[in-house]
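Please read them with the coordinates open.

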Amino acid sequence: MGVLVTAEHIIEGLNPPQREAVTTIAGPLLILAGPGSGKTRVIAHRIAYLVDVIGVAPWRILSVTFTNKAAKEMRSRVAAHLEEAAADLMLGTFHSICARLLRTEADRIGLNRSFNIFDDSDQMSLMKRACEYSNVDTKRFKERAILSAISHAKSELVSPETYARGARDYFGEVVARVYARYQELLVENGALDFDDLIVRAVEMLQNNAEVREKYQERFLHVLVDEFQDTNIAQYQLARLFAAKHPNICVVGDPDQSIYSWRSADIRNILNFERDYPDAKTVLLEQNYRSTQNILDAAHAVISGNKQRKEKSLWTSAGEGEPIVAYEAYDEAEEADFVANEITSLVEDERRSYSEFAVMYRTNAHSRALEEALIRAKVPYALVGGTRFYERREVKDILGYLRLIQNPHDAVSFARVVNVPGRGIGAKTLSELERWARERGVPAFTALQLVAEQESAVRPSVVERHPIGAKQTKTLIEFQQMIAELQDVAEKNNMTTLLDGVLERTGYRKHLFAEFEESEGEERWENIGELRNVASEYDGLSAGHGLVAFLEDVALISDADTTPDNDDPGSGRVTLITLHSAKGLEYPIVFMIAMEEGVLPHIRSFDDQAQMEEERRLCYVGMTRAKQRLYLVRAFKRYNMGSSSHNPPSRFFKDVPQVLISQRSAVRSQYEAVERGPSRYREGLARKDDRPPVPEELVFAGGERVRHPRFGEGIVVSSQKVKDDQEVSVAFKGEVGMKKLMLSFAPLEKL
DNA sequence: CGCCGTACGGTTTTT
DNA sequence: CCGTACGGCG
């Protein structure tokens, strides 16, 4: 019996249908978490609770992936309840579970156990090479577009051969050619890209009966979270796991599908109903997160989509505060507004910084915010952005480690062979590569051949390598260094290996030579941070530590770097893209840059389907807020050097005026637009009846006032701030001095 | 042959 | 604005 559950919040709160859904889980469990599913953490809690209270047992942990925070938490929670030796539990993202299984079964399926996982930039390097070898006119067909087409094919389990047969136009033919070549290169490099992890795992289960039975027996139940963002291959994998014991539960909300550009396919939901006709669908329309105002506003936005099934969420949480709309002059002023608002809410409402999140469409928008928050001395944590593992110095060191683990990795080889500068340039490398290709060996192996030739008494003239004398010497030294480090890796823990790499390469000196004192220091600290992470793998046996470390680093997700907002000590405002925010929640959310061209993004203007996805993205952002939601925009914004005026986002305008408390720094021409509030919901109108802030100062110095929370006080001063008034009041007792904005503070004259 | 300077182009979202 | 491509110099 399968169970299909759609809509928000399956487990949180455990209402009756949710309880029913979860209690069908009665044995070994495999959880496949979709991208960025912070909600999985809640599920983890609930499962632990069920184990504890309902006594679903006995389970045993076979393997748990550590790459995401939810998995880690799941493990510690569940481990506390479980006996060491009963059933099997596996929790992780699709990618991390596949990586783990492929590594475990590598020998059986003829896969090199020390395969490296190639990320986006590694893929691009390979793609450039693949295009070069296939003589592709990359002016006409962009490598990025070809890679994207290949990635899409893989996500639908379309092989190069099948793709070639289906190619209808010239672009298709080019892609087919490059696809085949690209796959060959991956094999040569002993690498799997992100898509391969899924594809190879599916193939493994399809083609190897022994492996298939093993896992189908092991996992009696399969649960997929964030199902709306899975692709065809991932769904296929889930089905394979659940083929023997068809206990499969998927959780997803079609309105939150925001990864179609990454080949997530909403057809999965339809297919699920077709593939499991006995499945029970449970619609969960009670929301346990947001206030009714927030839900109504979000509903008004998402209702603008044509392609959707209507559902309306409700909550017992009450109306809550109105949504604050604010128009700033430019992005600096916008950021200041956010910083000030946070500061005053922290003061006035005793909020912790960790209760706030600021969300934006693109990573670039975090810049102005960071500056403003630093000025305002507001602690913040940036999620994603220039991600830690994408920093140059970190990638360099990882490049060495990857080459040590897998010398066939030509991408890593090319990255580190001249870092620090050893006098090995493009010319030498291309010569070496050409020579290696003639021999059908990877570049690093070719280097070993060069070394052998050099040490031979009478080198063969015909096979003679084409490398100059000086470069040859350097390259052989490099090759020997890596060989020695491989030896270190086999016998020592991660910290020792990393220190060995740093020492042998003289990387610290290199950093300080290349950069200014302060920047060098900063980058060296990043290496220190990397070393800290690596040290967590010291407990693993030599060799295994390196494999696990590199795998985890490759598969770490933005959500894993999210500050834990359950932890009151963390005390930081979260800055995060709308995409990364999926599955998370915060009491107070600011959505900034709510402008046409940003959200919705300009690149979605000419495509209806993409526009609908932008709308869903907006919906996702709005529904992250539990208590207060701010929709903020700027009249003027600097893009890349030049500034532009963007009209307010169309999504912004979809929010009924009755739900909004409007605040503005500038009187722009847009203020006049669509002012007339269409009465959205009975009983909400009175909110808008709040009188506008008057021109004259309402409070004078010396006046006695009362505030519902702070009690009685005396007005010290009051002044006009933009089109609001700021009143400074000395309250009695411990409360002391407060600065209050008139439009917000319910101040009463005594 | 490699390194460093300047011009230019492209510019969402991420496992 | 940032990273890459190309051209001249050591």
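1. Phe-227 has a relative accessible area of 2% and is therefore buried, a term used here for residues under 20% relative accessible area, with exposed meaning over 50% and partly exposed the range in between (1.4 Å probe, protein chains only). Phe-272, with a relative accessible area of 0%, is likewise buried. The model is a predicted one, in which local features need pLDDT of at least 70 and side-chain atom pairs count only at pLDDT 80 or more, whereas totals for chains, interfaces and linings use all residues. Residues are numbered from 1 along each chain as its sequence is written, chains are lettered from A and ligands numbered from 1 in the order in which they are written, and side-chain values use heavy atoms, with hydrogens and water left out.

2. Rings of Phe, Tyr and Trp (its six-membered ring) are taken as paired if their centres lie within 6.5 Å, with planes under 30 degrees apart counted as stacked, over 60 as edge-to-face and the rest as tilted; by this rule there are 18 aromatic pairs. The pair of Phe-227 and Phe-272 is edge-to-face, because the ring centres are 5.9 Å apart and the planes stand at 75°. This pair links distant parts of the chain, 45 residues apart, since Phe-227 belongs to the loop between β6 (221-225) and α11 (232-241) and Phe-272 to helix α12 (residues 267-275); helices (H or I, at least four residues) and strands (E, at least two) are DSSP runs, numbered from the N terminus.

3. Phe-590 and Tyr-630 form a stacked pair, because their ring centres are 4.3 Å apart and their planes lie at 20°. Phe-590 is in strand β13 (residues 586-591) and Tyr-630 in strand β14 (residues 625-634), so that the pair links parts of the chain 40 residues apart, and both residues are buried.

4. The charged end of Arg-262 sits over the ring of Tyr-259, 3.9 Å from its centre, where the criterion is NZ of Lys or CZ of Arg within 6 Å of the ring centre and within 35 degrees of the ring normal. Arg-650 lies over the face of Phe-605, at 5.4 Å from the ring centre.

5. Nine of the twelve residues of helix α4 are buried, so this helix is largely enclosed by the rest of the structure; among the buried residues are Phe-94, Cys-98 and Arg-103. Thr-574, in strand β12 (residues 573-577), is also buried, at a relative accessible area of 1%, and its C-alpha atom is 6.1 Å from that of Leu-382, 192 residues apart along the chain.

6. DNA strand B is surrounded by 24 residues, the closest being Arg-361, Asn-363, Gly-425, Thr-428 and Met-640, where near means that a heavy atom of the residue lies within 4 Å. Sugar and phosphate make up 57% of the atoms of DNA strand B that come within 4 Å of the protein. Helix α18 (residues 426-439) gives the most to this surface, with three residues.

7. Polar side-chain atoms of His-95 lie 3.3 Å from a sugar or linking oxygen of DNA strand B, while His-579 places a polar side-chain atom 3.3 Å from a base oxygen of DNA strand B.

Methods. A polar contact is a pair of N or O atoms within 3.5 Å; within protein, one must be able to donate a hydrogen and the other to accept it, and residues adjacent in sequence count only if both atoms are side-chain atoms.
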